[in-house]
4 protein chains.
Amino acid sequence: MTDERATVGVGMVGHAFMGRAHSQAWRSVGPFFDPPLHPVMTALAGRSAERAGAAARELGWASVETDWKELLRRDDVQLIDICTPGDSHAEIAVAALDAGKHVLCEKPLANSVEEATAMVAAAERARARGVRSMVGFNYRRVPALTLARGMVAAGRLGTLRHVRAQYLQDWLTDPRSPLVWRLEKDRAGSGALGDIGAHIIDAAQFVTGQSLTGVCALTETFVPERPLVGGDGTGPVTVDDAALFIGRTSGGALASFEATRFAAGRKNALRLEINGSAGSLSFDLESLNELWFHDHTEDPATAGFRRILVTEPEHPYAGAWWPPGHILGYEHTFTHQLADLLAAIAGGTDPSPSFADGLQVQLVLEAVERSAAGGGGWTPVRTPEGSA
Amino acid sequence: MTDERATVGVGMVGHAFMGRAHSQAWRSVGPFFDPPLHPVMTALAGRSAERAGAAARELGWASVETDWKELLRRDDVQLIDICTPGDSHAEIAVAALDAGKHVLCEKPLANSVEEATAMVAAAERARARGVRSMVGFNYRRVPALTLARGMVAAGRLGTLRHVRAQYLQDWLTDPRSPLVWRLEKDRAGSGALGDIGAHIIDAAQFVTGQSLTGVCALTETFVPERPLVGGDGTGPVTVDDAALFIGRTSGGALASFEATRFAAGRKNALRLEINGSAGSLSFDLESLNELWFHDHTEDPATAGFRRILVTEPEHPYAGAWWPPGHILGYEHTFTHQLADLLAAIAGGTDPSPSFADGLQVQLVLEAVERSAAGGGGWTPVRTPEGSA
Amino acid sequence: MTDERATVGVGMVGHAFMGRAHSQAWRSVGPFFDPPLHPVMTALAGRSAERAGAAARELGWASVETDWKELLRRDDVQLIDICTPGDSHAEIAVAALDAGKHVLCEKPLANSVEEATAMVAAAERARARGVRSMVGFNYRRVPALTLARGMVAAGRLGTLRHVRAQYLQDWLTDPRSPLVWRLEKDRAGSGALGDIGAHIIDAAQFVTGQSLTGVCALTETFVPERPLVGGDGTGPVTVDDAALFIGRTSGGALASFEATRFAAGRKNALRLEINGSAGSLSFDLESLNELWFHDHTEDPATAGFRRILVTEPEHPYAGAWWPPGHILGYEHTFTHQLADLLAAIAGGTDPSPSFADGLQVQLVLEAVERSAAGGGGWTPVRTPEGSA
Amino acid sequence: MTDERATVGVGMVGHAFMGRAHSQAWRSVGPFFDPPLHPVMTALAGRSAERAGAAARELGWASVETDWKELLRRDDVQLIDICTPGDSHAEIAVAALDAGKHVLCEKPLANSVEEATAMVAAAERARARGVRSMVGFNYRRVPALTLARGMVAAGRLGTLRHVRAQYLQDWLTDPRSPLVWRLEKDRAGSGALGDIGAHIIDAAQFVTGQSLTGVCALTETFVPERPLVGGDGTGPVTVDDAALFIGRTSGGALASFEATRFAAGRKNALRLEINGSAGSLSFDLESLNELWFHDHTEDPATAGFRRILVTEPEHPYAGAWWPPGHILGYEHTFTHQLADLLAAIAGGTDPSPSFADGLQVQLVLEAVERSAAGGGGWTPVRTPEGSA
């Protein structure tokens, strides 16, 4: 069997949780989406040759590099997929783009506005040469949220009044849970805010098509000391355990956000509800195949929130998979992301969300942090121009 | 059939929505709770003799007064039930208490902290003479919320981390909805904030046993002009359409509140979720017979939010009504309130919530309004002492 | 206050669970529905003067009789409300109708087809003299089910394909639960079948507008011996614990029914789902304010089961009670029943469901029992003519 | 990177819906489960070289055969995966087993009891030589159902009283839906009964650990003629559109089953509820990550059905995938099936469900068909011995 399909060689950096998720997507995008560019899982970069080799064999990568910079030198790699913690995103992404490699970078784009700004600049330079970049806010590709965005854009909700977003997890509820890297400011940038708060900021802005203009925020570290990983004693938690903020959007809606790792019993509850003058939408990632829609223009005698099972041929992405009613899971969002990325590269267009979108989320995070540091007062979100 | 049960004569002021709800409760409390004092529905006061007479006949009151002050002079009335808008609460309640009548006053206690403070003082004076007072936060007597408070008090949730309260309605979504009295600051005091926001503040504080210590708030009037009721032209909406605030509680939890009349499709969604170190609770008034509980101390393999149908003999109030599984409605909360009020009067104890509790809610509302007026900055809730 | 409203004197027989429910409805129908005939709670009949007197005082009845036949002789009683167990329904109802009293008879109409047939004959005789009769299938007056019937009748479901009805309770799950009268064939006629199975048969036929034409049935008594009430030793359970049957309807749909008192955790789960060529409806009495509707004619991209909160002014009965979104409970169905009964009596029309409707349910129950006794074979439901 | 892992060469027959699902599982089982035998996707068999070639390239198979018999001759193929319609299962499976190849055969095992019996015999012969066979009831590997079985086996439900199973789809609701092969008795064997009814029979028996002993059944073809696929005119539907049956289990429980393709709005609603003396379980495939459990031994004041999100490390299969709360989809059940199959082959044990299990389901289907043909009378399920 000869295969004359156009291909793109991929080099992935990092092979932890995100690397596993991305690998499954790289394996799956071909069979289900038949993209105009078929990915070749060329090389995996990790600092330990042994662990990277084991991961490559397990996850299906053809070769290994112990220095990500080597990936940039390889001719058989045209796309760099960055799956490392946030503190290394900027260096890798800028170098890769400058080396002419397309880049997919996990979210959050960076750990600071400064880094993110530099990355946007690199993306702009690269774009002029036809080199593409994308930040991995994978939840945009939950079919229910893609559908939601389309419904808002089509006016099904009318004028938006309220945005209500929560990302509730519970894995830090137990104070004996150890001090992992996600709880260290140097590595993670921030805590619940940057990790899961970034997701709801992006999801809310994506679905509404509006951006946050300012916020009042409170953050808290409920458990300030935790046991060290694999060692004696405790160390300080230097990031937030939870972040709450309220704000206003560019379209005049009121918005409420909450990100926490202390919501006992909520495992992965990314929730979004939007109320408009013509209808409302509601979503919960723990039921990711469902979108709830209330059409306020209907006869009130038979109106109500309806559960749309977003698994039908009419729905975004869903038709590529299984027959009606057969549900998808978390990992499929990454495959959808790649399908769109490969289509964009092949088509010579810019994939979305862009690095600029990632920077804008960073600016919201920055406003939240400044408001919280100042006691909750109103803090406008800076515009990218202002940060340049 | 002779009836030698001890009785209390009731005089009710007002006969609109709240008057109807209270009347049904006065009729029902005897048959179902057999209270130590049986109420006699003696007199109804309303400004129009004709309308009050019709209401009395419809609702089961034995006589009518067109001036509520007459009720205070009647020997056959020992308890005054105030069901008027908030702007008249203070005058009636203070006069009634000073006249030696027990008082049940609808919420919010008053339209201002000043009025509420005066009412608390009157309640203190009256109490010294064995005269009782209660403010009508009826949702404390939703069996699910009474059960919730008991569970929190028993430590089932451990240390509280998060309080998440919303009261979502949609009756103002349509900009053509008219300018009713609830949209006029002079009559209503405030908008969604005082009407339904007061309910979630009280409910959250009641269930958690903690009080709010400070807030950051935003309010909004989405539709500033509305058609006049029964007339030509439009008039200004002088209250808030929606209020959002975040804050901290006396026990160190983070709290998020939202009250709105613009949540299309949400009819009466008073929602409360509380997360603690040992468990979580969740409630929605649209399903008022249900309380959801997650026990975080259980084996994680079989743990999850359980739906407690709060209709069993083991549950607060429910055993007085129907067999297991037969659900109760909105109106039953008022009957429960009366059962407790009558038991307190007969037992010579103070019913709860007290006027002081009503004042404390007023102080939270005041902090919210001040924060919102000042752009959302952190605003401590004043203590009652500070307001005296 | 003079009251010149037309009235009807009511005599109620029995004052246990059903008597309490009916009493609350008699008290409530006036204030909320302002019926053309206002009920006067004239007399309560019970065998023990002491217990009946206490019940009358508690429930609001003006006088007491220890022999229900006395009610028939009283000129101030024009309507007899039968709330006794099924074995006495026929005697009381026939005598009352023949005495010219309107009759409301609790369900099931009787314990046998023979008794029910005699009651229908009496109802026919009485009807010729303007005397009305009604059987108390109160769940027809759950607003959600009344709405459901209207939607089916209006063609919103198209051609019906499936009826799926369950009534799940759990109060016999524990084998130590005692041998109450409902478990004795002489008193109760049958077990889960006649008690709760009758409700789902009537509800399904009411909502669909179709009748069952034949069934295949299985019944079971899981716990054949139970402790005697208030005594030593055990006695035999002589009725079914659970009944399952499948069948066909007059309109060509397939139907599935299940009634059980052994469904651990299901307290009062009367569930009904109907699938048609144009849509589907789903209902659960544990959430009695909700009706779920799927409109199969809609754009599949945004179609789904919607939760109609049946509490709006547009909905059957709901507008008489509270503002939008304020939920109703179990007891309100009885008040609705009385509102319709009083309107029919005043209007000179026949209320529904009639005794003939009650007989038809009895004929279905009979077919179920015959099928089950014969091992589950297909058993046509007899027509009333065939039973005469 | 050398890879010294033990491998097994796989040959798959068929590449439609099931072939796609199996291929994704063959690709995924290695990375996530690291099985003791790693599969090599050696060859795909399909009648058309062109279509099979395209499918092989798309789905990741290394070579193509146009005659499945060639797979049996290849030394690099040790396992045959049968993904064809039911009418060819017996021939392929028997030949493959006799050729010494392990076999995974899609469900239903065959289109008749006779074929299934022959397959069981072949499986017995092969087993003696260490050759393994498995029938693909993939829903046994939904983590929630695997967990459910474990809970029943551990006694968490006590004595089982009720089994309630439904498989509701709606793709035939529209009478203009065409006459696909699944509607032809020659190809499909039966309609809803064999396709989705078989799934709920197996799932119910798997979870309860009990088998059906007899049934009363009704079937129906609502739309007897449908448009021919890709042609003019119509043809007869020769299978059932819906099948309902009630029965008894080997442990004394009552059971109710319904399979239909006419439940408008239900896309893929495989539902199972089990009530026992100590608790209940409830499941719906449209929410496949959730299992609902009621523990009837708990304090009734806080008992209720709890939603277990079956995505935690403690749960079957789930730990191999993502962090807590990240949901799985339909396709993962196939991967779990392969993980268990490969472990069994490597470990020299028999995988489950066996061909004998498949035959037993076939015997239940046969009893249903005989009961329905005879008008619904009680029909015992034959034992495999009786069919030999």
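How far apart are the centres of domain 1 of chain A and domain 2 of chain A, taken over C-alpha atoms? They are separated by 23 Å. Domain 1 of chain A covers 7-139, and domain 2 covers 143-353 + 361-373. These bounds come from an automatic or database domain assignment.

This is a predicted model: local features need pLDDT of at least 70, side-chain atom pairs count only at pLDDT 80 or more, and totals for chains, interfaces and linings use all residues. Residues are numbered from 1 along each chain as its sequence is written, while chains are lettered from A and ligands numbered from 1 in the order in which they are written. The predictor's confidence in each residue is its pLDDT, from 0 to 100. Chain A averages 95 on this score, and 98% of its residues score at least 70. For the model, ipTM is 0.95 and pTM is 0.97.

Two residues are in contact here if their C-beta atoms, placed from the backbone, lie within 7 Å. Helices (H or I, at least four residues) and strands (E, at least two) are DSSP runs, numbered from the N terminus. Ala, Val, Leu, Ile, Met, Phe, Trp, Tyr, Cys and Pro count as nonpolar, Asp, Glu, Lys and Arg as charged, and the others, Gly among them, as polar.

UniProt, in an unreviewed entry, places "domain: Gfo/Idh/MocA-like oxidoreductase N-terminal" at residues 9-128 of chain A. UniProt positions follow the numbering used here, feature names are shortened, and annotations may be inferred rather than shown by experiment. Over residues 9-128, chain A is 49% helix and 21% strand. The end C-alpha atoms of that stretch are 21 Å apart.

Now turn to chain B. Copies are superposed by least squares on the C-alpha atoms of residues with pLDDT of at least 70 in both. The contact takes 31 residues from chain A and 31 residues from chain B. On chain A, β7 (160-168), β8 (212-220), β11 (242-249), β12 (254-260), β13 (269-276) and β14 (279-284) give two or more residues each. The largest share, four residues, comes from β12(A). This side of chain A has 12 nonpolar, 15 polar and four charged residues. The copies meet through the same surface, because 100% of the interface residues of chain A are also interface residues in chain B.

Chain C comes next. A rotation of 180° with 0.0 Å of shift along its axis superposes chain A on chain C (RMSD 0.0 Å). The two copies are therefore related as by a two-fold rotation axis. Arg306(A) comes closest to that axis among the residues of chain A, at 1.7 Å (C-alpha). Three bridges join β16(A) to β16 of chain C, and the strands run antiparallel. Strands pair if DSSP finds at least two bridges between them. Phe305(A) stands opposite Arg307(C) in β16(C).
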